[in-house]
Amino acid sequence: MLYITGHSSLTLFILVILSLFFRACLNTGVRAVMERWRGRVALVTGASVGIGAAIAVELARLGMKVMGCARDVGKIQKLAAECQSAGHSGVLVPFKCDLTNEEEILSMFAAIKEQHRGVDVCINNAGLAHPEPLLSGKTSGWKNMMDVNVFGLSICAREAYQSMKERHVDDGHIININSECGHHVIPLADVHFYTATKFAVTALTEGLRQELRAEKTHIRATSISPSLVKTEFPLRLYSNNPDIKARAFSAYKPLEAKDVVNAVIYVLGAPPHVLIGEVQMLATEQKS
């Protein structure tokens with residue numbers, strides 16, 4: 001047991017050294033469990049901001065070739081330059097792709113195949129919500145949520161699996177970034193249709209797991225379901241309601257993007273014989 005008292009320069013120096021030491025140990029441990037993914041190809045959808053951007057950058061830091069896609073490719077290009085400047089051992093490759101357009105998705109997978117052989121890890125992070133209640137919502141908003149949250153996710157999962165199968169990759173991973181809303185219905189009309197799409201993601205992930213087992217492959221499928229995360233997502237949801245937008249993170253300390261990143265690394269780092277099928281994450285101060 002080490003006790004340090006006082007506030008001398010020596011004490012502060014020791015604290016700094018200890019902090020750096022423990023951080024180095026943590027980084028070494030993370031790199032060790034992720035070593036088998038070094039040099040492999042990961043696709044991260046919705047990689048321009050928030051959770052997706054954080055995942056893409058961390059996987060690049062850990063040595064993966066990350067294909068980051070979004071409609072706003074400029075933001076990913078900036079992240080890619082930052083990864084290069086930081087000396088990350090992996091690389092972040094930007095792809096412009098609208099996940100509501102199947103042709104664009106298929107073209108992206110074809111380009112990845114041509115340039116990087118194929119996808120070993122598919123992280124379906126892209127998702128959106130519109131405040132469109134069941135009794136009064138616009139059909140266009142419902143369709144947009146289905147196109148991105150369900151169809152886009154499913155197409156990417158299918159194409160990722162086909163890419164792995166074609167190259168005889170038997171240890172790949174499909175990770176769906178789901179939501180707390182994928183497990184119970186929150187009494188908030190604005191997100192009821194969004195909730196339905198996330199219940200679909202829960203069912204789709206389990207369906208993937210069952211079909212992968214039927215194919216006798218060791219490719220794994222995982223759902224990660226965080227509650228409220230401090231990103232632009234809830235702010236965009238209520239962009240037309242300043243009062244709700246201002247209170248978005250005031251009730252309790254929400255999760256942060258890095259918390260979801262840590263869950264992704266935990267799932268990817270599990271031994272090949274271990275499948276972590278579902279990760280549910282709540283803020284500690286959250287009431288329900």
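Modeller: Ala32 counts as exposed because its relative accessibility is 54%, where exposed means over 50% relative accessible area, buried under 20% and partly exposed in between, with a 1.4 Å probe and protein chains only. The model is predicted, so local features need pLDDT of at least 70 and side-chain atom pairs count only at pLDDT 80 or more, while totals for chains, interfaces and linings use all residues. Residues are numbered from 1 along each chain as its sequence is written, and side-chain values use heavy atoms, without hydrogens and water.

Ala32 belongs to helix H1 (residues 9–33); helices are DSSP runs of H or I with at least four residues, strands are E runs of at least two, and both are numbered from the N terminus. Leu62 is 30 residues from Ala32 along the chain, and their C-alpha atoms are 9.7 Å apart.

An unreviewed UniProt entry lists residues 37–57 as "transmembrane region"; such annotations may be inferred rather than shown by experiment. In the model, residues 37–57 are 38% helix and 24% strand, with 15 Å between the end C-alpha atoms.

Thr45 is among the residues that line the largest cavity, as are Leu99, Asn124 and Val148. A cavity is a set of points on a 1 Å grid over the protein atoms alone where a 1.4 Å probe fits but cannot get out, and lining residues have an atom within 4 Å of a point. Helix H5 (residues 139–166) gives the most to this lining, with 3 residues.

Conventions:
1 Å grid on protein atoms, 1.4 Å probe; cavity = no way out; pocket = protein on both sides within 12 Å on 5 of 7 lines; lining within 4 Å.
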